[in-house]
Amino acid sequence: MSTEFAIVDLFAGPGGLAEGFSSIRNKDGSHPFQIALSVEKEDSAFETLRFRSFFRQFNGSPPADYYRFLNGEIPEPDWSALFPVEWKHACLETVKLELGSPVATREIDARLAQITANYRSNVILIGGPPCQAYSLVGRARNKGTVGYEASADHRHFLYKEYIRILQALMPAVFVMENVKGLLSSSVDGERVFDQVLGDLRRVGGGSYRLVPLAPRSGQSFFAGMIHPPAADFVVRAEDHGIPQSRHRIIIVGIRADIAAGLDDSQINAALLPRSESPVMVQQILKGMPKLRSGLSKENDSEQIWKSETSRIMRDVSKAAIELSDDDKKAFRALGKNVAGGLSAAKKTYRRFGGAYAKVPASCPNELKQWLIDRRLKVFPNNETRGHMLADLGRYFYAALYGRIVGVSPKAKDFPRELAPDHRNWKTGKFADRFRVQLWKSPATTITSHISKDGHYFIHPDPAQCRSLTVREAARLQTFPDNYFFKGNRTQQFVQVGNAVPPFLARKIASSVYGLLLAGTVSRKLKRAS
Ligand SMILES: C[S@@+](CC[C@H](N)C(=O)[O-])C[C@H]1O[C@@H](n2cnc3c(N)ncnc32)[C@H](O)[C@@H]1O
């Protein structure tokens, strides 16, 4: 089947989902999914989206200037002057609009009419409405807000705009992503998720069959299960080869005429394949350049960082820690070793740069090929942030503890000397205030909170004594190394944290393509007989 499908991507963020869909190829190298329209309201995410769309116009062979820019050899050129045709395509594909506003509704409806004229019903709708109000964090925070009324929060109902567009477009398939908090969020006593499922099923008078791609209630799908349990819609990224524990709701809706052509075995064949073992942080980050953090309150220089950090490291290695005798011994030895190594080191750590390194050999091959780009000389978006000296001590402690004990320390596990000046530090409220990533586990969920401070995203190497860079977080989110994030560092972190991991999106896209092929072929066969 050489049919092409137009992708309409709403609430597109930096474009994680779209990246996965656009990466699918037929045997002859052609792309079955064409990104027709991506909509995003935030400036920097939109810029990232447009720049990636520009990159894609070159079909795998971007020009030398793209790499000279990413490698920091030239300032960003005027792409529209250098490559007017490709730039124009990128500008057509990506639009900066606030969905739900009257201006956006007018423009989107006109664009959707064009897309349906060109592709008829071969359209796929991807993306989910924003989730802050659904998220557990959002709910906990809102609870304390005087006068907060869940039913008046427009974010709870932005998905209605999504439903409206779904109704207008009647795509062959839709893929809706959202946070897991949606499962436990309710408005006026009604569970938001049930309301969403009901709305999705009712579109077009009951035109969609909702399929969970990784059902946990049984590893296969049964025809009788027209209404699968809500929890089945949760996809656990770490079960599918993503080096990160990330649990998100993914609902795939298949239009009834296509779903009618599918039997259980065809649906089961299209479910997300499970990986045999989880991909660990060390399989992704080991070998990347060793960088130092910046100093946010002091004069920032390599010299000051080195002398202050080795002093802090020595102090922390001697701190009063509550560990078994063996662990304490190992902790102190490792701490002293790292501190000694830093003061004696001839080379100094920089805050960015260092040669481009490939992914460790232990990284699964397909993911390795997905991430690396041999034309890069450096890692783009890979500058460390500044930290307070007190936090450097906590980061060093957490990284040592992680190495020796194999888990991230809770507040109660920190020595008194390192306790922040909070009255509630040991009450349990801040139990997880600092979290180190562990070399031998998948990363914890990379959220947009990483833009606020690095405390949850401490690098596992005690010698670097810092939080993750945007690029390291992007790798754990499986963005290819040549995916460039626009905006300032805070905005880049938000984009990375918000995204669907592109490598997971590729697997979702592959499942969707499998369903489309099976469903449409069976339909044709039935019609012919
Ligand atoms: C969770 S992110 C989407 C991630 C994306 N699906 C991906 O795969 O990378 C949600 C995005 O919706 C955008 N957004 C929120 N409200 C919007 C609106 N009314 N119109 C357009 N975009 C909006 C936010 O700026 C954010 O970038």
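**View 1. M170 in the loop between α8 and β5.** In this predicted model, M170 occupies the loop that joins α8 (159–169) to β5 (173–179); helices (H or I, at least four residues) and strands (E, at least two) are DSSP runs, numbered from the N terminus. The phi of M170 is near 40°, a positive value in a residue other than glycine. M170 is partly exposed, as 16 other C-beta atoms lie within 10 Å. A residue is termed buried if 20 or more other C-beta atoms lie within 10 Å of its own, exposed if 12 or fewer, and partly exposed in between, with C-beta atoms placed from the backbone. Residues are numbered from 1 along each chain as its sequence is written. Because this is a predicted model, local features need pLDDT of at least 70 and side-chain atom pairs count only at pLDDT 80 or more, while totals for chains, interfaces and linings use all residues.

**View 2. T478 in the loop between α17 and α18.** T478 is located in the loop between α17 and α18 (489–498). Its phi is positive, about 65°, although T478 is not a glycine. T478 is buried, with 28 other C-beta atoms within 10 Å.

**View 3. The buried residues of α18.** Eight of the ten residues of α18 are buried, so that the helix is mostly covered. Those buried are Q491, Q492, F493, V494, Q495, V496, G497 and N498. They pack against α2 (43–56) and α17, where two residues are in contact if their C-beta atoms, placed from the backbone, lie within 7 Å.

**View 4. T469 in the loop between α16 and α17.** T469 is placed in the loop between α16 and α17 (470–476). T469 counts as buried because it has 28 C-beta neighbours inside 10 Å. Not counting residues up to four places away in sequence, T469 touches N382, E383 and T384. The C-alpha atoms of T469 and I458 are separated by 9.8 Å, the two residues being eleven apart along the chain.

**View 5. The two sides of α14.** Helix α14 (residues 325–344) has 20 residues, and its first and last C-alpha atoms are 28 Å apart, close to the 28 Å expected at 1.5 Å a residue; the expected span is 1.5 Å times one less than the number of residues. F331, G335, V338, A339 and L342 are buried in α14. These residues lie on the same side of α14 because they cover an arc of only 95° around the axis, the arc being that of the directions from the helix axis to the C-beta atoms. The buried residues of α14 pack against α13 (302–318) and α16 (389–405). On the other side of α14, D325, D326, K329, A333, G341 and A344 are exposed.

**View 6. I124 in the largest nonpolar core.** Among the 129 residues of the largest nonpolar core, I7 and I124 touch the most other members. Such a core is a set of buried Ala, Val, Leu, Ile, Met, Phe, Trp, Tyr and Cys residues joined through C-beta atoms within 7 Å. At least three residues of this core come from each of domain 1 (5–50 + 97–274 + 501–528) and domain 2 (282–498), with domain bounds from an automatic or database domain assignment. Apart from neighbours within four places in sequence, I124 is in contact with F5, I7, F33, P171, A172, V173, F174 and V512.
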